[in-house]
Amino acid sequence: MGPLPRKNKVNQKIKRCLSNVYGDTWTALHNESLKTRIERSRKIINKKRKPHWDESDVVLITYADQFHGEKEKPLPTFNQIWKHWFCSVFSHVHLLPFYPWSSDDGFSVIDYYQVAPGTGEWNDISDLNMSCRLMFDFVCNHMSAKSDWFNAYLQQAPGYENFFIAMDPATDLHAVTRPRALPLLTPFTLQDKSVRHLWTTFSEDQIDLNYSNPDVLLAMIDVLLTYLERGADYVRLDAVGYMWKTPGTTCIHLEKTHQLIKLFRAIADEVAPGTVIITETNVPHKDNVSYLGNGQDEAHMVYQFSLPPLVLHTLHRQDCRALCQWAQSLTLPSNETTWFNFLASHDGIGLNPLRGLLAEDDILTLVSALQKEGALVNWKNNPDGTRSPYELNVTWMDAVSHKNDRDEERLAKFILTHVLLLTFPGVPAIYIQSILGSRNDYQGVETQGYNRAINRKKYQRTAIEEELMVEGSLRHDVYHKLSRLIVIRRSNKAFHPESFFDISSLTSSVLRIIRSADEHETINAFFNFSDRIQIIDAGIYTGLDLISGVNVSGETITLQPWQVMWIKK
C-alpha cells in the first residue's frame with residue numbers, strides 16, 4: 001500500500017494532538033464541530049500563500065493606529081503611508097492587535113472578530129493585503145475582562161461555566177513561572193455573589209483561557225481560522241508558552257502547550273498551506289527553540305529573543321565574542337523552520353533570553369549601563385523571594401548610543417546593528433519606531449503610566465512626514481539608509497534564510513559573517529563593534545562593498561569606528 005494522501009496525514013496529526021491533550025473528554029460532538037468548521041474554511045480560503053520564505057521576506061512591525069490623519073481613521077491613513085514610504089521596502093506587515101481592546105495596547109482583546117471601530121474596518125485590512133503579506137496576532141492565552149465571553153462567565157451563562165480558570169487561593173502555586181511582578185490570581189464576583197479567584201498571568205484585565213475545556217479550544221480554533229480567512233500569511237502566537245496550566249508545575253512550556261501548537265499548525269496546514277506559525281516565547285534560548293519541535297510539526301519560526309540583548313552587550317562592551325559563540329551554536333531541526341529575527345519591538349528588550357548565555361553579573365552590568373543612558377527597567381519576582389530585571393524599555397536608537405553621542409555616531413551604531421540583523425539567517429523584522437529613527441518617549445511614559453510606552457509613540461501623519469523629509473535630520477537619514485539596506489538585502493540570494501552561514505570573531509571587536517547561496521554569490525560581512533579604526537587581513541575577501549559602493553582590494557581592509565561592509569565577490 002502506498003503512502004496516504006496528504007489530507008489524511010494532516011487529519012491524523014489533528015486527531016493525534018487532540019487525543020494527546022484531551023483523551024476521552026474530546027467527544028464525537030466536538031469532533032463533528034471541528035470537522036464542520038475546517039470544511040467551512042476550506043471553501044472560503046482561496047488565497048494562495050507563498051510556499052516558502054526567501055531573501056525577499058522582510059517584515060515591518062507596526063500598530064494599526066500608528067498614524068493619524070485629520071479626516072480619516074488610522075488604518076486608511078496607514079495604508080496611504082505604507083504605499084508612499086514602505087511598500088517598496090518591505091514584503092510583510094505585522095499589524096499588532098487591531099481588535100477592540102481594553103489595556104496593554106491591544107493585547108487585552110475584547111472581541112477577536114472585529115477591527116477596533118476607531119481604527120478602521122476589515123476592508124482596510126483587505127486593501128493593505130493587496131500590496132503586502134500580512135501577519136496577525138493570535139492572542140491565544142488570555143482575553144479582556146471587558147469581553148462578552150468573560151461577561152457571560154460572570155453572569156453564569158450556560159456554556160461559559162469553565163471558560164476561565166478558577167483556583168482556590170490556598171493552592172500551592174509557588175512553582176509557577178511569573179513573567180511580571182503582579183498577583184497570579186484575581187478575585188471576581190459572579191452573578192450569584194460568589195467570589196472566584198481566576199488565573200491572570202499578565203494582569204487583572206487579562207483573564208487566562210481554560211484550554212482544559214474542549215469548548216474553549218473550539219472557540220479559539222474558530223478565531224484562528226477566521227484570521228486565515230481574512231488573509232493572514234503569518235500568525236504570531238502571543239504568550240503561547242503559558243497556555244496550559246497544571247498546579248504544582250511551572251505552568252510554562254508544558255507538553256500539552258506544545259501539543260496545542262502542533263494542533264494549530266496541523267489545522268493551518270490543512271486549510272491554508274504556506275501559512276507560517278510563529279511562537280512568541282520571551283524565555284531562555286533552549287526553551288525558546290523547543291517550539292520548533294522536530295522541524296516538521298510545530299512552529300515554523302521562533303522569535304530570536306536572544307539576539308537583541310546580545311547585540312547590546314556586544315556594542316556596549318565593544319566585544320563580539322559572546323555573540324559569536326552563541327551564533328555558532330545555532331541549529332535548526334529542518335529547512336521547514338527558520339528564525340524570526342528582530343532587534344526592537346512593541347515590547348521591551350527581554351533579559352531572560354540572556355540567562356544561560358551570559359553571567360548574571362554581565363546582565364546586571366548591561367542593565368546598569370543602559371539605565372544611566374535613560375533606559376527604564378521592568379522587574380519580576382522570583383520563587384525564592386528575590387527580584388530580577390526581566391526587560392529593558394528603550395528605543396533602539398537610544399539603546400545603542402550614549403546621551404552625548406553626535407548624531408553621526410548614533411546613526412553609525414544604529415546602522416551597524418541593523419546590517420547585522422539583515423545578515424543573520426532567518427526572516428528579519430523591523431519595528432516602525434526603528435525605521436522612523438525614534439527616540440525615547442518619556443512624555444508617553446508619564447501619560448500612559450507604564451514603561452513600555454517609551455517605545456510606542458503614535459504620530460500625526462503630516463508631522464511625521466514633514467520630519468522624514470528634512471534632509472540631514474536623524475529621522476531622514478535613518479529612513480533612507482535603512483530602507484536602502486533592506487532593498488539590497490532583498491535582492492541578494494546569499495541572504496536566503498537557508499543559505500550558507502559562517503560567523504567568527506577576527507578580533508575581540510571585529511565580527512565576520514559569510515553568507516553564500518552558491519559558488520557564484522558570496523557576501524562577506526565585516527562589523528567593527530568598536531570606536532577605533534580596525535585593520536584586518538583582506539585575504540580572499542575582495543570585491544564590491546554593497547553598502548559604500550566601493551571596490552575593496554589589497555592586502556588589508558580598514559574599518560572605521562562602527563563601520564560595516566557587505567563585500568560581494
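Modeller: Let us start with a term: a residue is called buried when its relative accessible area is under 20%, and exposed when that value is over 50%. Please keep in mind throughout that this is a predicted model.

Biologist: With that cut-off in hand, how many residues of β15 are buried?

Modeller: Strand β15 is mostly covered, since 6 of its 7 residues fall in the buried class.

Biologist: Which strands pair with β15, and in what sense, parallel or antiparallel?

Modeller: The general idea is that strands of a sheet pair through backbone hydrogen bonds, either parallel or antiparallel. Here β14 and β15 pair in the antiparallel sense over 6 bridges, and Trp379 has Pro389 in β15 as its bridge partner. Strand β13, residues 349-350, is also antiparallel to β15 and is joined to it by 2 bridges, with Ile349 partnered by Leu392 of β15.

Biologist: How should I read the barrel, and in which order do its strands run?

Modeller: The closed barrel has 8 strands, in the order β1-β3-β4-β9-β10-β11-β12-β16, with parallel pairing. From one strand to the next, the twist averages 25°. Strands β1 (residues 59-62) and β16 (residues 427-431) run parallel and are joined by 3 bridges, and the bridge partner of Ile61 in β16 is Tyr431. Helix α3, residues 74-86, packs on the sheet and touches β1 and β3, its direction making about 145° with that of β1.

Biologist: Finally, how much space lies in the largest pocket, and which residues are closest to its centre?

Modeller: The largest pocket holds about 830 Å³ of space. It is lined by 42 residues, of which Thr177, Arg178, Pro179, Tyr242 and Asn352 are the closest to its centre. The elements that give two or more residues to this lining are β14 and β15, and the largest share, 3 residues, comes from β15. By residue class, the lining of the largest pocket divides into 15 nonpolar, 14 polar and 13 charged residues.

Methods: Residues numbered from 1 in each chain as written. Predicted model: local features only at pLDDT ≥ 70, side-chain atom pairs only at ≥ 80, totals over all residues. Heavy atoms only, no water. Pairing = 2+ DSSP bridges. Helix = DSSP H or I, 4+ residues; strand = E, 2+ residues; numbered from the N terminus. Axes fitted to C-alpha atoms, helices over the stretch in contact; angles between N-to-C directions. Contact = heavy atoms within 4.5 Å. 1 Å grid on protein atoms, 1.4 Å probe; cavity = no way out; pocket = protein on both sides within 12 Å on 5 of 7 lines; lining within 4 Å. Points joined across faces, edges and corners; volume = space filled by probe spheres on them. Nonpolar A, V, L, I, M, F, W, Y, C, P; charged D, E, K, R; others polar. Buried < 20%, exposed > 50% of the residue type's maximum accessible area, 1.4 Å probe, protein only.
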